[in-house]
Amino acid sequence: MASVTYDKASRIYPGTERPAVDSLDLEIADGEFLVLVGPSGCGKSTSLRMLAGLEDIDQGAIWVGDRDVTHVQPKDRDIAMVFQSYALYPHMTVADNMGFALKIAKVDKAEIRQRVEAAAKILDLTEYLDRKPKALSGGQRQRVAMGRAIVRQPQVFLMDEPLSNLDAKLRVQTRTQIAALQRRLGTTTVYVTHDQVEALTMGDRIAVLKDGVLQQVGSPRDMYDAPANVFVAGFIGSPAMNIGTYQVFDGQAQVGRAKVDLAREAVSALKAEDKNHVVLGFRPESLDRVAPNTDGAIPIEVDVVEELGSDAFVYGEVPNEFGGAEDVHFAAGDSQMIVRIDPRDVPGKGDTVWVKIREGEQHVFSAATGERLSSEVHTDASATHKA
Amino acid sequence: MPLHITGAADPALIELPWDVPLEAWPEEHIAALPRGLSRHVVRFVRHGDGVIAVKETNAEIAHREFTMLRELQRMEAPCVHPVAVVSGRTSASGEPLSAALITEHLAYSLPYRALFSQGLRRATLKRLVGALSVLLVRLHLLGFYWGDVSLSNALFRRDASEFSAYLVDAETGDMHARLTDGQRETDLDIATTNITGELLDLQASEDLDESVDPFDIGARLEKRYRELWSALTETSTHTSNIRMRIAERVRQLNDLGFDLDEIDMEETEDGTAVTIRPKVVDAGFHQRRLMRLTGLDVQENQARRLLNDLDEYRAWRDQPDQDEAHAAHEWLTTMFEPTVRAVPRGLRGKLEPAQVYHEVLDHRWYLAEAADHDVPLPVATASYVKNILPTKDDEQAVLGRSIAEMTAELPALTEEHGTEYAARDPYANDNTYAWGRVPEPDESEPPTVRRSSTRIPVRNAPVVPGRDRERATADAPPSPPSEPTAE
């Protein structure tokens, strides 16, 4: 097993000016499960394929352990791409299905048997080794396919949207299985997805990319609590964070008719180019319902209430009758705001609820650069239902 | 979401039972054709005068594959032609159903498993692998990375004494301006692994003789691919006689069935030599020449065979001043067309016309060998139509069999299997792909199907008195004199 290092690695397709992947610097620790995530066209798959050897590395280098693999052929990189579509051969035993590819690589027979048995043990397939695939359940067949990659004992596993052709339910099951299996194997794994929920639930760390540029890398918690910029803030989290651009007066942001106190460190970090504006973000669960006359209370007109049993979300609008709100743009849609509320106390459509951003749960970003200005947020989830 | 069909302007498509899962489509719609292994539900469906292939998959993948196949078709790649994508399907009770990709059924095409069920000879296996390596090279030249190269994901058509391979599954593929070496190497690696696995599986089911070494065949694909790739793309350096060198290179490419459209010539830095690199090569050299001369649209090796016959015809006519186009027209009307027309209507679905002509030429060779003198084409044709063609499988489209039979795996029905066979367990048949949704095995016994017809194994050699006595003792008939292959 080994670490993986992207050292200012770029991929520039012939005939294009903007790199598909731009000077990617990323260190993946030995045994780590790293998820590359971002919207389509962000360069996540290209980054993975550069490591796999499918895409050329036009600038910079990629290392696997202490070996520079930049110019090494794919099959000599000691990396296994786990495909979404492994064939299982119906007339061959489970053991042969798992081991035959090693025979092509001229691995010795006893060694093959030993590796297949070791993989079967990890996959709970030992008792099925001499059976045919038809004797297995769907889940077991998937594990046999994983076994084909495992017996190769690569330094790194690569997976590119392996769950994309599954239905929603099976996707949830399978992602848990893959994550659990990776922890048992301890093999360094790089996993690509466009789905931030998949990223949050599976990865030890997540790397968010946009337009070929790495935005932030960190643990799921880091990404959620301290998104480095407005893009990451809007991308990670479901439902999405409420984000808007507001004018700042005397250290307060004008949100609708409410004046919201901003964290002092954020206000002091404002620069001239921000022109007295900030981008303020707050998660749906960072809001408390308060009395209408409370300081900093934001009124929200309820459009829809989404009840999920354990939670309920209000989708509403900030009324626009006062200045300062014309710039408002929320990730959820134009001037729409999402609030998590107590599912036992649900307002009706058309009602107005007043909410206040909980102390220390603001995400403040520069209006000019989009970079984070405030410190990390520690969401106190239990507080939501107090109001 | 309402039912949505994007693609061909064919209003009749909407009349198909899209509110029923494909697995349960009524038998009247289903055409029984040899199917390959697929990770999805695939059915051949009668539609209008023809047959279409319908594959269930998710909407995103279906649209992607449709676009990809369109692009490949535009570039004249050998692939199945996409017809439409059907999305927004719901059952009568409102349950959402998978989207479907519709492609045309490629007439006279066979999945490799159908070829194995006809008692495959080792040479045929090598030809299949050869065809697949040509397909891979052609796709790579176009910038297509396949991602899942296998015998299952291709269809094969007889092409004179060779096979031509066509891409059927583009789901895992990607189109690039130019492939990197890494992409080509990965495709080759995947191909080797998949083919070896497929052959090992055929051996495990006793459809392939033990004496064939799957690892050997897998390695063969790689070797053939590399030979062809370097012949088509390699840079060569020459110090003298450049004109001749280029002509030589062009001829070499033509022999491989490729045309040289553009070439890069560059003087070396010191000015003492010139490097030549083919820049744009196009497959189908013989195909295009025959098309130009006769209007016949056939496959590459068939074209080569027909052109050879045409050349022979011209030589034999001994009219050196007659131009090529004129001779071609004469050949077409006096040789080719009468031969093809001699096939009775009832036997026309057996083989493509060009393939029939090729086989008649082979047959004539056998007859001439036995008779020890030349046999005229009409005689050979009559003998072929009487003795050989009726024993062939219908390969245009094998319609009208029962649904149980068609949903079962292609049976390897030969004399020793008799006329009764138990449909194999459907779970043993699907090439179970790991991440696809797989139904749990069913406990009940698979149905037993009675077949009234038994496939008759193909015999190339006709029955000729005086020769067959020796033939009976010999294992394999001698190969007919076909065109030199690139083996």
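Predicted model: local features only at pLDDT ≥ 70, side-chain atom pairs only at ≥ 80, totals over all residues.
Asp211 of chain A is partly exposed, as 16 other C-beta atoms lie within 10 Å. To count as buried, a residue would need 20 or more such neighbours, and to count as exposed, 12 or fewer. Asp211(A) sits in the loop between strand E9 (205–210) and strand E10 (213–218) of chain A. Its phi is near 50°, a positive value in a residue other than glycine.

Let us turn to Gln153(A). Where is Gln153(A) placed in chain A? Gln153(A) belongs to the loop between helix H4 (138–150) and strand E7 (156–160) of chain A. Although Gln153(A) is not a glycine, its phi is positive, at about 45°. There are 16 C-beta neighbours inside 10 Å of Gln153(A), so this residue counts as partly exposed.

Another loop of chain A, the one between helix H8 (230–235) and strand E11, contains Pro239(A). The peptide bond that joins Ser238(A) to Pro239(A) is cis, with an omega of about -5°.

Gly251(A) is in the loop between strand E11 (242–249) and strand E12 (252–255) of chain A. Is Gly251(A) buried, exposed or partly exposed? With 15 C-beta neighbours inside 10 Å, Gly251(A) counts as partly exposed. Leaving aside residues up to four places away in sequence, Gly251(A) touches Asp261(A), Leu262(A) and Val267(A). Met98(A) is 153 residues from Gly251(A) along the chain, and the C-alpha atoms of the two are separated by 64 Å.

The secondary structure of chain A amounts to 9 helices and 20 strands. Chain A has 387 residues, of which 47% count as buried. Among the contacts in chain A with a separation of 6 or more, 68% are between residues 24 or more positions apart.

I now move to chain B, beginning with a sheet. In what order do the 5 strands of this open sheet in chain B stand? The order is E1-E4-E5-E3-E2, and the pairing is antiparallel. Strand E1 (4–7) and strand E2 (42–47) of chain B are at the edges; each has a single partner strand, so one side of each lacks a neighbour in the sheet. On average, and ignoring direction, neighbouring strands of this sheet are turned by 25° against each other.

One pair within the sheet deserves attention. Strand E4 (residues 82–87) and strand E5 (residues 99–104) of chain B pair in the antiparallel sense over 4 bridges. Val85(B) is opposite Leu101(B), which lies in E5(B). Helix H1 (residues 59–74) of chain B lies across E1, strand E3 (50–57), E4 and E5 of that chain, and runs at about 165° to E4(B).

The remaining part of my presentation concerns helix packing in chain B. Helix H7 (residues 285–294) and helix H8 (residues 300–317) of chain B pack at an angle of about 55°, their axes being 7 Å apart. That angle makes H7(B) oblique to H8(B). The crossing of these two helices, H7(B) and H8(B), is left-handed. On the H7(B) side, the contact involves His286(B), Gln287(B), Arg289(B) and Leu290(B); on the H8(B) side, it involves Glu300(B), Ala303(B), Arg304(B), Leu306(B) and Leu307(B). By class, this contact has 4 nonpolar, 2 polar and 3 charged residues.

Next, the axes of helix H9 (residues 324–341) of chain B and H10(B) come within 10 Å and cross at roughly 105°. H9(B) is therefore roughly perpendicular to H10(B). Phe336(B), Thr339(B) and Val340(B) of H9(B) make the contact with Pro353(B), Val356(B), Tyr357(B) and Val360(B) of H10(B). Which classes of residue form the contact of H9(B) with H10(B)? There are 6 nonpolar residues, 1 polar residue and no charged residues.

Finally, helix H10 (residues 353–371) and helix H11 (residues 377–388) of chain B have axes that come within 9 Å and cross at roughly 100°. These helices, H10(B) and H11(B), are therefore roughly perpendicular to each other. Glu359(B), Val360(B), His363(B), Arg364(B) and Leu367(B) in H10(B) meet a group in H11(B) that includes Leu377(B), Ala380(B) and Tyr384(B). By class, the contact of H10(B) with H11(B) has 6 nonpolar, 3 polar and 2 charged residues.

Key:
Residues numbered from 1 in each chain as written. Chains lettered and ligands numbered in written order. Axes fitted to C-alpha atoms, helices over the stretch in contact; angles between N-to-C directions. Parallel < 35°, antiparallel > 145°, perpendicular 65-115°, else oblique. Left-handed = near helix turned anticlockwise from the far one by under 90°. Contact = placed C-beta atoms within 7 Å. Nonpolar A, V, L, I, M, F, W, Y, C, P; charged D, E, K, R; others polar. Pairing = 2+ DSSP bridges.
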